[in-house]
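Q: I'd like to learn how to read the features of a model like this one. Could you take me through them, a general idea at a time?

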Amino acid sequence: MVDAADLLEFQRHLAEAHHIAITSHRSPDADAVGTSLALARYLRSTGKEVTCILPDAPDEALDWMHGVADIVLFDRDPGAAQEALHRADVLFALDYNGLNRLGPMADAARAATGTWLMVDHHMGPEDFPTAMVHDARCSSTAELLYGVIAGLGGREAVDAEGAALLYAGMMTDTGSFRFRSVSSETHRVIAEMMDRGLDHTAVHEAIFGEQPMDRMKLHAFAVVERMEVYPEFQTAFVHLTAEDMERFNYRAGYTEGLVNKALGVAGVKVAVFAKQSSDRVKMSFRSVGNYSVRDFAEKHFDGGGHHNAAGGASNESIGVVMARLRGLLPEIAAGLAATEQENT
Ligand code: 5GP
Ligand code: MN
């Protein structure tokens, strides 16, 4: 839900702004990119000059998003990114709430002198923004942002194209509308967008409709060769080495959804996916039920996110990370047992 006082603050800062920078997190997903582009569309319709800046490139599965090619990527063009951050009187942080989520772009963001506004749905926001619309119960930043745009009087600016951008974030962050976080408000937002021309089938097709053969093979390989299931701990791990990813011509987005394959194994309540990337091991954590993978990610891997879906990273090698995870199995099992007790 969007608070009226927060909206008023946004309105006040936006009224005086000429140059606006919109930022989102590293390895940007559909919620990050869709909200950035949808907010840019709305703000431009009110006469603002807007630049979208991301730490690195989105998944190719988002190439269809209108305006994606114009996003400034910090890792490809740090000069242009720094200049846009520097020039902005207002900077938006969308779909993240800690500057370390920007990775190597964090220092450039910290150096910006404009006013930070945040729209986010992850737990535990940092206090760098001057004003924020924050709701950890909301299923996506896209749903929250719709409330912000509508509250600012921009409902009409969410045309069929803008709606497709927001719907992509809502659909992917809710596991295609099956997670508990989905509310009647989620569907009310979609109903309004459908009335304004949203083609939901086209968005689903664009994101999930087809995939490169290499990606399919990478998933099959990961499940057959790299999945470890520990029934006694109700936990499963999947990992990929740098060589594994090279073998299947890895591209951004190829490993999306792998962690859910581990979580989908009968009896598994906690799943971890770990992959070696150029400078670190990145992890995805998922759980079903009361066990908080957010707490686990924060405690052991400097991470965060949501109760049932979180992420983290490590500078150790993939071998060391996997050994550490195996060593943590009893702790996970004890945590699962404790949350089961809470239920009875
Ligand atoms: P995913 O596994 O899909 O990349 O991320 C799951 C959730 O955890 C998302 O909501 C994402 O924003 C959050 N998340 C992923 N990686 C990190 C991280 O390194 N730090 C924090 N604080 N959150 C993360
Ligand atoms: Mn999100």
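A: Let's begin with helices and strands: they are DSSP runs, numbered from the N terminus, with helices being H or I over at least four residues and strands being E over at least two. In this structure, His300 sits in helix α12 (residues 293-301). Before going on, some ground rules: this is a predicted model, in which local features need pLDDT of at least 70 and side-chain atom pairs count only at pLDDT 80 or more, while totals for chains, interfaces and linings use all residues. Residues are numbered from 1 along each chain as its sequence is written, chains are lettered from A and ligands numbered from 1 in the order in which they are written, and side-chain values use heavy atoms, with hydrogens and water left out.

Q: Is His300 buried or exposed, and which side chain does His300 have a polar contact with?

A: Buried means under 20% relative accessible area, exposed means over 50%, and partly exposed is in between (1.4 Å probe, protein chains only). His300 has 16%, so it is buried. A polar contact is a pair of N or O atoms within 3.5 Å; within protein, one must be able to donate a hydrogen and the other to accept it, and residues adjacent in sequence count only if both atoms are side-chain atoms. Here the side chains of His300 and Glu331 are joined by one of 2.8 Å.

Q: Which residues are the protein donors of the manganese ion (ligand 2)?

A: Donors are N, O and S atoms within 2.8 Å of the metal (3.2 Å for Na, K and Ca); water is not among the atoms, so sites may look incomplete. For this ion, the protein donors are Asp31 (OD), Asp95 (OD), His121 (NE2) and Asp173 (OD), at 2.2 to 2.4 Å. Along the chain, their spacing reads D-x63-D-x25-H-x51-D. His121 lies in the loop between β5 (115-120) and β6 (131-134), and Asp173 in helix α6 (residues 160-173), so this pair ties together parts 52 residues apart in sequence. His121 and Asp173 are both buried.

Q: How many residues surround ligand 1?

A: A residue is near a molecule or strand if one of its heavy atoms lies within 4 Å of it. Ligand 1 has 13 residues around it, the closest being Arg101, His122, Lys282, Ser284 and Arg286. A polar side-chain atom of Arg101 is 2.9 Å from an oxygen atom of ligand 1, and an N or O atom in the Lys282 side chain is 2.7 Å from a nitrogen atom of the ligand. Gly304 brings a backbone N or O atom to 3.0 Å from a nitrogen atom of ligand 1.

Q: Which element gives the most to that shell?

A: That's β12, with four residues. The elements giving two or more are β10 (281-287), β11 (304-305) and β12 (309-314).

Q: How many disulfides are there?

A: A disulfide is a covalent bond between the sulfur atoms of two cysteines. The test is a pair of cysteine sulfur atoms within 2.5 Å, and the count comes to zero. Cys52 is buried at 5% relative accessibility, and Cys138 is buried at 8%.

Q: What is the phi of Ser176?

A: Most residues other than glycine have a negative phi. Ser176 has a positive one, near 55°, and Phe177 has a positive one too, near 70°. Ser176 is in the loop between α6 and α7 (184-195), and Phe177 is placed in the loop between α6 and α7. At 33% relative accessibility, Ser176 is partly exposed.
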